[in-house]
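Okay, everyone, thanks for coming. Let me put the structure up, and then I'll walk you through the ligand site and the domains.

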Amino acid sequence: MDVDNQVVAEIEARLGAKFVRTGADTEGFIEDFWGRAWGRTLCVAQPGSTDEVAAVMAICHRHGIAVFPQGGNTSTCLGAVPDVGGRSVVLALGRMNRILSVDPVDGSLVAEAGCILADIQQAASDVDRLFPLSLGAEGSCQIGGNVSTNAGGTSVLRYGNTRDLVLGMEVVLPDGRIWNGLRTLRKNNTGYDLKHLFIGAEGTLGVITKVALKLFPSLGPMTTVLISFDDIADLTSFTEPLRRSFDTAIIAMELISGSEVRIVNTIFPDLNVPYDPETGWFLLVDIASDAPAGVSDLLQEVLGAAMEAEKILDVLVAANEAQRASIWRLRHSVTEAHKKYGMGMSHDIAIPIVEIPRFIQTAGSKVAAAFPEAEMALVGHVGDGNLHYNVMFEMSVWNAIPDQMKTRKAVYKVVYDIAASMNGTFSAEHGIGALHVAEMKTYKPPIELEIMRGIKSLLDPDNRMNPGRVLPL
Ligand SMILES: Cc1cc2nc3c(=O)[nH]c(=O)nc-3n(C[C@H](O)[C@H](O)[C@H](O)COP(=O)(O)OP(=O)(O)OC[C@H]3O[C@@H](n4cnc5c(N)ncnc54)[C@H](O)[C@@H]3O)c2cc1C
């Protein structure tokens, strides 16, 4: 038996053939969510426990086989699909989906890495607590994937990124050894805090098998406001007083361009949000019920002043839960709408908040000059300086472009150079995956790359964990 067949046979012997997919059965695990890339693999292993993960990792270690850990496969940057080499194992965590404990007094929840994010939110809510991580893919992404990408989402403003929500974790190392750091302590200054190495490592250092998460008090009813305005230069004239007045009661602050709303409406005409389709910009704000008393009076005061100064055009306060849900459905439908609309180059950039209007103006004019056939569409977690700056090509326009890869790279360069010139970053919350490895070389200081390579070679000296992702050679 050759080595490849031997590897599959050993994994089958350990997990049971039922949980080892090969050939056509690997479909759905080797293609990325967006249909942009396919890979090949010896097999997809679906372990049901930490010991089984450790066994698969030890087998791959012994035979020098690469491993691609996979959660919900919703990565935006080709993070979770195997490469085309075919001498690799995809380790799909979806069977490890048990919630192991929920403790409202300790304010913690312990779960296996394959738990769907929405199930964790629900388990917290069942004991009248909140797990605040929230993003459009929450019905299919897994907590192990969220931790591995240090996902951001819509409530970073108040609760931080996933990194801020993790208390502890269990990890299987590339050679199959298990590190048990599954604690729920809030304080533990006993040397390097190793969990932070694996948060945001995108599966390049080990496989996260369990996580301990922070829970928060439930928030109760939310006031959802949709503000329409025309000039992006006016943005901070009302976001700053809103933040000053409501402080941490603001849970989400999402910017949506009119062009984005029109794309979503074209694809999903039943969304039913009352808005003027010709408006330039929308700001969606969620204010928690623990805000200072008299939310509506304070809103009136802050936004009334902005309206009088002609900085904003209109304010829609969701009248009920149904209207609130449809406003949020508009926001959360952006990704699906892009997939159906055409070819989009999404730039997940972050810049200092004060630079947002200048970034949008500069990028708008530079992209339009270089690519007159492109449409700009933008959503952003604007409260934390993170913009998803999308350069969209309608499909027939895109198909007529002779060298699409060259165009794609040229678009990236225009946008990322502007972000870099404003002391920003080319990846705020989505990570690097295989898609942005080249940018790591261009924009990351050499000393940072050197330290990262040192950590990588300590934990994964044979470069078998998610090879070709995150770190340039
Ligand atoms: C509609 C939509 C909306 C989105 N919105 C947001 C958003 O607002 N904010 C945001 O940050 N992201 C967003 N994303 C991106 C994506 O959902 C997140 O990156 C998510 O955290 C990935 O989780 P996943 O389980 O799908 O991971 P995958 O895509 O399966 O994997 C992502 C990376 O993590 C690694 N990995 C997965 N599980 C493990 C594990 N157990 N151990 C070690 N490594 C592992 C993989 O190898 C890969 O490198 C969105 C995606 C979609 C499709």
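This is a predicted model: local features need pLDDT of at least 70, side-chain atom pairs count only at pLDDT 80 or more; totals for chains, interfaces and linings use all residues.

**The ligand and its surroundings**

Gly 71 has a backbone N or O atom 2.7 Å from a ligand oxygen, and a polar backbone atom of Glu 202 is 3.0 Å from an oxygen atom of the ligand. So how much of the ligand's accessible area does the protein cover? On its own the ligand has 970 Å² of it, and the protein covers 97%.

Now, who's doing the surrounding? There are 37 residues around the ligand, and Gly 71 is among the closest, along with Pro 69, Gly 72, Asn 73 and Thr 74. By type, that shell splits into 23 polar residues, twelve nonpolar and two charged.

In terms of elements, strand E3 (66-70), helix H4 (143-149) and strand E10 (207-214) each put at least two residues into the shell. Which one gives the largest share? That's H4, with five residues.

Okay, zooming out to the domains. The protein divides into four pieces: domain 1 (3-92), domain 2 (99-217), domain 3 (222-332) and domain 4 (335-438).

I want to look at the pairing of domain 1 with domain 4. Their centres, taken over C-alpha atoms, are 32 Å apart. Seven residues of domain 1 touch ten residues of domain 4. Together the two bury about 710 Å², and carbon and sulfur atoms give 70% of that. On the domain 1 side, Phe 33, Trp 34 and Cys 77 lose the most area to domain 4, together making up 59% of what that side buries.

That's my tour; over to you.

Methods. Residues are numbered from 1 along each chain as its sequence is written. Side-chain values use heavy atoms; hydrogens and water are left out. A residue is near a molecule or strand if one of its heavy atoms lies within 4 Å of it. A polar contact is a pair of N or O atoms within 3.5 Å; within protein, one must be able to donate a hydrogen and the other to accept it, and residues adjacent in sequence count only if both atoms are side-chain atoms. Accessible areas come from the Shrake-Rupley method with a 1.4 Å probe; for residues, only the protein chains shown count as cover. Helices (H or I, at least four residues) and strands (E, at least two) are DSSP runs, numbered from the N terminus. Ala, Val, Leu, Ile, Met, Phe, Trp, Tyr, Cys and Pro count as nonpolar, Asp, Glu, Lys and Arg as charged, and the others, Gly among them, as polar. Domain bounds come from an automatic or database domain assignment. Contact means heavy atoms within 4.5 Å. Buried area is the accessible area (1.4 Å probe) that two parts lose on being put together, summed over both.
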